[in-house]
Protein chains: 2
Amino acid sequence: MKLGDLGEDRLLNELLPRLSPGKAVVAGPRDDCAVVETHDRGKLLVLKTDSVVEGVHFLRGTNALDVGWKAMMRPLSDFAATSAVPQFALITLMLSGKTDVAWVKQLYQGLRTAADRFRVRIVGGDTSSTPGAIAISASVIGFVERDRWVSRGGGKPGDDLFVTGRLGGAWKRKHLRFIPRLMESRWLTKNFSIHAMMDLSDGLGTDLPRLARASKVGFKIEAENLPLSRGAKINDAISKGEDYELLFAVPRRENKRLQKKWSRKFPKLPLTHIGSLTSQSARSLSAAADNPQLKGGYVHFQQPS
Amino acid sequence: MKLGDLGEDRLLNELLPRLSPGKAVVAGPRDDCAVVETHDRGKLLVLKTDSVVEGVHFLRGTNALDVGWKAMMRPLSDFAATSAVPQFALITLMLSGKTDVAWVKQLYQGLRTAADRFRVRIVGGDTSSTPGAIAISASVIGFVERDRWVSRGGGKPGDDLFVTGRLGGAWKRKHLRFIPRLMESRWLTKNFSIHAMMDLSDGLGTDLPRLARASKVGFKIEAENLPLSRGAKINDAISKGEDYELLFAVPRRENKRLQKKWSRKFPKLPLTHIGSLTSQSARSLSAAADNPQLKGGYVHFQQPS
């Protein structure tokens, strides 16, 4: 059965029974707006939207469960970067009339499985037909305590830089099945003073200069120390994106305690000290970050000092 | 200049200086997540996403200002339906590398102009390339006081039905330049007991049965009373969509006072009593609502009793 034969209302009826509204959800996807309980005054509201497009983020024929998973996990990875708790999601689907309904159901199953994993409620959405490529957009809303919010901009010269997991392995389907580091991020801000943090979606060679620029500092990386996925080369770890691991900066004095506590708490997930932030003017930083050679290889992967 | 030559980062740099973060915005579009102040405990968080797609909601060559305006106003019309106050928006753009940068800037200008009109802050977004049609999605977050929230489901038998403005005129570019009835909606819930409300996006013939179904009631419309846009026929008012006017139900005892106060408060915007809600089992309603003849003409436009 094709989507064009079904129509949007009936598609929603197919999908909605699975999205049961809960206690905090006053009105869900069947009304004009989703209405949910607000948060404590002491907390900040957190909002993020991200999308995946056929032919760009996934190929035609990709398992719909994987596509749905990825579409939900991408914004959740940004919640991890912010150390925020995701709560509600709005889903936008742009689909061709030729799309198979079974494929769309699988897609939603993937979205729901990913949302459930982190107790996120899908509270609304919008389905639109498109003459072009299939696209899925997820907007996620949640909160973070004022004293646990982490941005890219808090890094200080002398901070040590860490990454979680292993880099450069996205090509092995990891980009479809990654698990955002939400639990790890929340644990980090509960137990340590995290100065700056982000998730690695575009590759260390692109993302680290962004963190440095936002913090108005330089950086120095020991490229031979980068934790590599099996089969990945140092170049892959630097220039390939979609690792969805955390990159963060902590005061040097926290280094030892962090490594010790981490290996006890997350014994299966490596945490690697990859370098440090340095003092540097924002100006020379910016020039270096725009240098295309930064993406080209690790020999260039150091800020000029 | 084409978008493909510019790249996403530089496009964002082009667009972002216009989105100045304000007092309530702790982190805006440049960080991984938008972070904003939360609301009072007594209020409900309201979330809505909606999108416009080239070839579906607008034609190639449509003025980009109009496209941006429409993309923002569509979810705001749902806020009007809910009597909620919109506060923050996330924008997703899916664009081809062939898209002209000037067009995208105009598009954003349209989005911003529309957002500014209702003091909505664009706090984040996502830009993705697409091999297909251009698409713009807007997710809006805001609040509503617990005692002013209106859904589609509160209509009672005997309630009078009203619509704002005139119907059936979307073909005259109104669908690109409409003004969501946010002010009117907020005034209504402040001064009257509004039992049920929605915005007319798919046409009265489709939307009214939805309201009736949600309220588990029937309805009776005097088709000759429908307020018509200049040049529109009754059939247009019933079966054409994109009017973005409000349809709402109030207790009959409010009718006189409402009409009197309305004409003083909004002298330029008609308010029309078009019929009433009737008692009816949900079952026969549902059958009637699925009847395609409902959309076909006003002679069928009455629930069987």
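A residue is buried if 20 or more other C-beta atoms lie within 10 Å of its own, exposed if 12 or fewer, and partly exposed in between, with C-beta atoms placed from the backbone. This is a predicted model: local features need pLDDT of at least 70, side-chain atom pairs count only at pLDDT 80 or more, and totals for chains, interfaces and linings use all residues. Residues are numbered from 1 along each chain as its sequence is written, and chains are lettered from A and ligands numbered from 1 in the order in which they are written.

Start with helix H6 of chain B. Helices (H or I, at least four residues) and strands (E, at least two) are DSSP runs, numbered from the N terminus. Leu182(B), Glu184(B), Ser185(B), Leu188(B) and Thr189(B) are the buried residues in H6(B). Their arc around the axis is only 165°, so they sit on the same side of H6(B). That arc is taken from the directions from the helix axis to the C-beta atoms. The cover over these buried residues includes helix H3 (64-82) and strands E7 (160-164), E8 (196-199) and E10 (246-250) of chain B. Here, contact means that the C-beta atoms of two residues, placed from the backbone, lie within 7 Å.

Asn191(B) belongs to H6 (residues 182-191) of chain B. Asn191(B) is partly exposed, because 14 other C-beta atoms lie within 10 Å. Leu258(B) is 67 residues away from Asn191(B) in sequence, yet 8.7 Å away in space, C-alpha to C-alpha.

Now the sheet of chain B. Five strands form an open sheet in the order E8-E10-E7-E11-E9, with antiparallel pairing. Strands pair if DSSP finds at least two bridges between them. E8 and E9 (218-221) of chain B are the edge strands, each with a single partner, so one side of each has no neighbour in the sheet. On average, neighbouring strands are turned by 25° against each other, direction ignored. E7(B) and E11(B) (residues 271-278) run antiparallel and are joined by five bridges. Asp160(B) has Ser276(B) as its bridge partner in E11(B). Helix H9 (residues 255-265) of chain B packs on this sheet, touching E7, E10 and E11 of chain B, and its direction makes about 160° with that of E11(B). Axes are lines fitted to C-alpha atoms, for helices over the stretch in contact, and angles run from 0 to 180 degrees between N-to-C directions.

Turn to chain A. Ten helices and eleven strands are found there. Of its 305 residues, 52% count as buried. Among contacts between residues at least 6 apart in sequence, 86% join residues at least 24 apart.

Chain A has an open sheet of five strands, ordered E8-E10-E7-E11-E9 and paired antiparallel. Four bridges join the antiparallel strands E8(A) and E10(A). Met198(A) has Leu247(A) as its bridge partner in E10(A). H3(A) lies across E8 and E10 of chain A, at about 170° to E8(A).

Leu247(A) leads on to the core. A nonpolar core is a set of buried Ala, Val, Leu, Ile, Met, Phe, Trp, Tyr and Cys residues joined through C-beta atoms within 7 Å. The largest one has 163 residues, of which Ala89(A), Leu247(A), Ala89(B) and Leu247(B) touch the most other members. Beyond its neighbours within four places in sequence, Leu247(A) has contacts including Leu161(A), Val163(A), Met197(A), Met198(A) and Leu211(A).
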